[in-house]
Amino acid sequence: MRKWWSGLLVILSLLGGLWGLGQTAQAATRRVLIVYDALNSKQQGQTKLDAVQRLLASAGVQTRTEQLTTYRAGQLTSRHYQGVVTLNNWPAGHLKNAAFIRDRDAFTGKQLHIGSGLDATEARQLRSKRVAVRHQQFLLKNRRDWQLLPFSENITLLKPTRGAHNFGTLTRQRASLPDHPYGTVVGKHGYLPYLEPKGLSLLVAMQTIAALFGKQRTQAPLLTITGVTPYSNLKRVRQLARQLSAADIPFALSTTSVANNTSMRAFTRFTKTLRFVEQQQGVIFLQAPVVGAANAQSGNTLEQLMVAELNQLGQRQVIPVGISAPAYWNQDQILRRYGLQRARDVLLLPNPATPTFAKQDNLGGTVKTTWYGMTWHSLQTVRNGQTQQITPALPTAVTVQLPTSAKQEAALLQQLRRANVTWYAPQKQMRSRVVSASATFGYHKGTYYLNGSPVKVRSEATGVPNYHFERKNFVALSRYFKIQGWILMTFFVITTIVLGIFLFLGRRIYRRMFMRK
C-alpha cells in the first residue's frame with residue numbers, strides 16, 4: 001500500500017511540476033496594456049501611440065492597445081498583464097473612465113504614465129508632489145545634450161524626490177525657476193510628463209522605459225539606408241556603399257524586392273548591386289511589400305509572396321538578415337504572423353499616412369531583436385557644443401533616405417564622417433535568422449548561411465543557383481497541425497498515466513478478491 005501511495009505522489013508531483021512550468025512561462029509572456037484617451041492629430045496622438053508601441057516592442061515586451069472609452073471593468077489584472085501604460089494625448093478632452101482608474105489603482109504591476117492627467121494616487125505611488133505649470137516652453141537637457149521642446153499649454157511636473165531614478169532635466173527659460181526631472185522611475189512606477197517622438201526626448205524616453213521594464217540593452221545604433229527599390233538609382237547605391245565602407249562606417253540597407261519577372265536583366269542588375277553591398281560589409285533587410293488591399297483571408301497570399309521574394313534573393317546569394325516594415329504590421333494578426341515572425345531581427349519603421357490593415361488586433365508581438373527606426377534628421381534637433389554621441393537604451397536603427405543627387409550624397413557622407421557616433425557593426429555583433437518555407441537564411445558575424453551551410457558572396461551569382469527551393473502551398477496550416485499534434489500528444493500521455501493508475505488499482509483489488517477466498 002505504501003508503494004502505491006508513493007507512486008501516486010510521484011505522478012502527481014510530476015504533473016504539478018509541469019503545470020507550474022506552464023504557469024511560469026505564461027507569467028513571463030504577460031502583456032503590457034496600453035490605454036490611450038484619444039488620437040489627437042493636433043498633439044501628434046497617433047505618432048505618439050506608434051512610438052510607445054515600438055518602444056515597448058524594442059524592449060521585448062508584448063503589448064495590447066485599448067482606447068480608454070472601450071476599456072471594461074476588471075480587464076486590468078496582475079494575472080493577465082505585467083504592466084500598464086497610460087497615454088494621454090488630449091488634455092482638453094478630460095476623458096475619464098472610472099472603471100479603468102479604479103482597476104489601475106488596485107493594479108500591482110508596473111505602471112507608466114505619459115502626458116497630462118497624472119492624479120494624486122499616481123503621484124503618491126511615485127513618492128512625489130505634483131507641480132502644475134501653464135503656458136511654458138521647456139528645454140530638455142541630458143548631460144551635454146539639449147533639445148527645445150514645443151510650447152506646452154498645461155503640463156504636470158514632479159518635484160525631485162530621494163530614491164527616484166531621474167532621466168533628463170526640464171529647464172524653463174526663466175533661470176529663477178527650479179529644474180524638474182523629465183523621466184522618473186520609482187520602483188514599479190514611472191512618469192513622462194511629455195513625449196516628443198523624436199530627438200533627445202525620444203532617447204530619454206527610451207532610457208525611462210528600459211529602466212522601468214528592466215530591458216535596458218545599451219548598444220550602438222545601426223545606420224540604415226532606406227528607400228531602396230529595384231527601380232532605384234543602383235549606381236548611386238553602389239557608390240554610397242563604397243564610400244561608407246571606405247569611411248569604416250558599418251551600415252544596413254532596407255530594400256523592397258519582387259517575386260515576378262525575376263529572369264529579366266533589371267532584376268539581375270538589382271541583385272548584383274545587393275551582393276556588392278554585402279561585399280562592402282553592409283547587411284540587407286527585406287522591406288515588407290506595400291499593402292494595397294487586404295483582409296483576414298490574405299495570409300496565404302502574403303506567405304507565398306514573402307517566400308517567393310526571399311527565395312529569389314537567396315538563389316542569387318542575397319541573404320537578408322531581417323525584415324523591415326511599418327510599425328502597424330506589428331498590430332495586425334495577419335501581417336505579423338505571415339510577415340514579421342519569420343525573422344529574428346525586425347526593423348519597425350514609422351507608419352504611412354494611411355495604414356492598410358488585414359486583420360487589426362492591436363496585439364504587439366516581439367522577436368529576438370526589434371529595431372526602433374528613427375530618422376537621422378530627427379536627431380538634428382539635439383544640440384550641444386559638439387556632435388552628440390548617440391547611445392540608445394534599446395535597439396535603435398538610425399535611418400537615412402537614399403540620396404537622390406550627388407549633392408545630397410556628399411552632404412550626407414560629410415555629416416556621417418563628422419558625427420561622433422560609434423555605429424553598430426553587424427559583422428562583429430549580429431546573429432540573425434530568416435525562415436522562408438523550405439529554406440533558412442542565417443548571418444553570424446560576417447558569415448552568411450543557407451540551411452546551416454556557409455555561403456560565399458561573390459560578384460556573380462554562383463554556387464547557390466543549383467539549390468532548388470520548394471514553395472510550400474498552404475503553409476498557413478503547418479502551425480495549426482503542429483499545435484494540434486502537441487495537444488493530442490499531451491492528451492494521450494495524461495490518459496496513459498490515468499489508465500496505468502486504474503490498471504494498477506484494479507489488479508490489486510482483483511488479487512485481494514481471490515486471496516480472501
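Phe267 and Phe270 lie about one helical turn from each other because they are three residues apart in helix 7, residues 265-279. Helices (H or I, at least four residues) and strands (E, at least two) are DSSP runs, numbered from the N terminus. The model is predicted: local features need pLDDT of at least 70, side-chain atom pairs count only at pLDDT 80 or more, and totals for chains, interfaces and linings use all residues. Residues are numbered from 1 along each chain as its sequence is written, and side-chain values use heavy atoms, with hydrogens and water left out.

Phe267 and Phe270 are both buried; this term denotes under 20% relative accessible area, with exposed meaning over 50% and partly exposed in between (1.4 Å probe, protein chains only). Their rings form a tilted aromatic pair, 6.1 Å centre to centre with 45 degrees between the planes. Rings of Phe, Tyr and Trp (its six-membered ring) pair if their centres lie within 6.5 Å; planes under 30 degrees apart count as stacked, over 60 as edge-to-face and the rest as tilted.

Ser257 is placed in the loop between strand 13 (251-255) and helix 7. Ser257 counts as buried because its relative accessibility is 11%. Leaving aside residues up to four places away in sequence, Ser257 touches Phe267 and Phe270, and also Pro230, Leu286, Glu309 and Leu313. Contact means heavy atoms within 4.5 Å.

## Other ring interactions

Seven aromatic pairs are found in a search of the whole structure. One of them joins Tyr443 and Tyr448 in a tilted arrangement, 4.8 Å centre to centre and 55 degrees between the planes. Tyr443 and Tyr448 are both buried.

Charged side chains also sit over tyrosine rings. The charged end of Lys48 is 4.8 Å from the ring centre of Tyr194, and that of Arg54 is 4.0 Å from the ring centre of Tyr372. The criterion is NZ of Lys or CZ of Arg within 6 Å of the ring centre and within 35 degrees of the ring normal.

## Backbone with positive phi

His135, a residue other than glycine, has a positive phi near 50 degrees. His135 belongs to strand 5 (residues 130-136) and counts as partly exposed because its relative accessibility is 46%.

Asn451, also not a glycine, has a positive phi near 55 degrees. Asn451 lies in the loop between strand 22 (447-450) and strand 23 (453-455). With a relative accessible area of 36%, Asn451 is partly exposed.

## Chain overview

The chain contains twelve helices and 23 strands. Of its 517 residues, 49% count as buried. Among contacts with a separation of 6 or more, 75% come from residues 24 or more positions apart. The chain exposes about 26300 Å², of which carbon and sulfur atoms supply 54%; areas come from the Shrake-Rupley method with a 1.4 Å probe, and for residues only the protein chains shown count as cover.

UniProt, in an unreviewed entry, lists residues 486-506 as "transmembrane region". UniProt positions follow the numbering used here, feature names are shortened, and annotations may be inferred rather than shown by experiment. In the model, this span is 100% helix and 0% strand, and its end C-alpha atoms lie 30 Å apart.

## Confidence

The average pLDDT of the chain is 86, and 87% of the residues score at least 70; pLDDT is the predictor's confidence in each residue, from 0 to 100.
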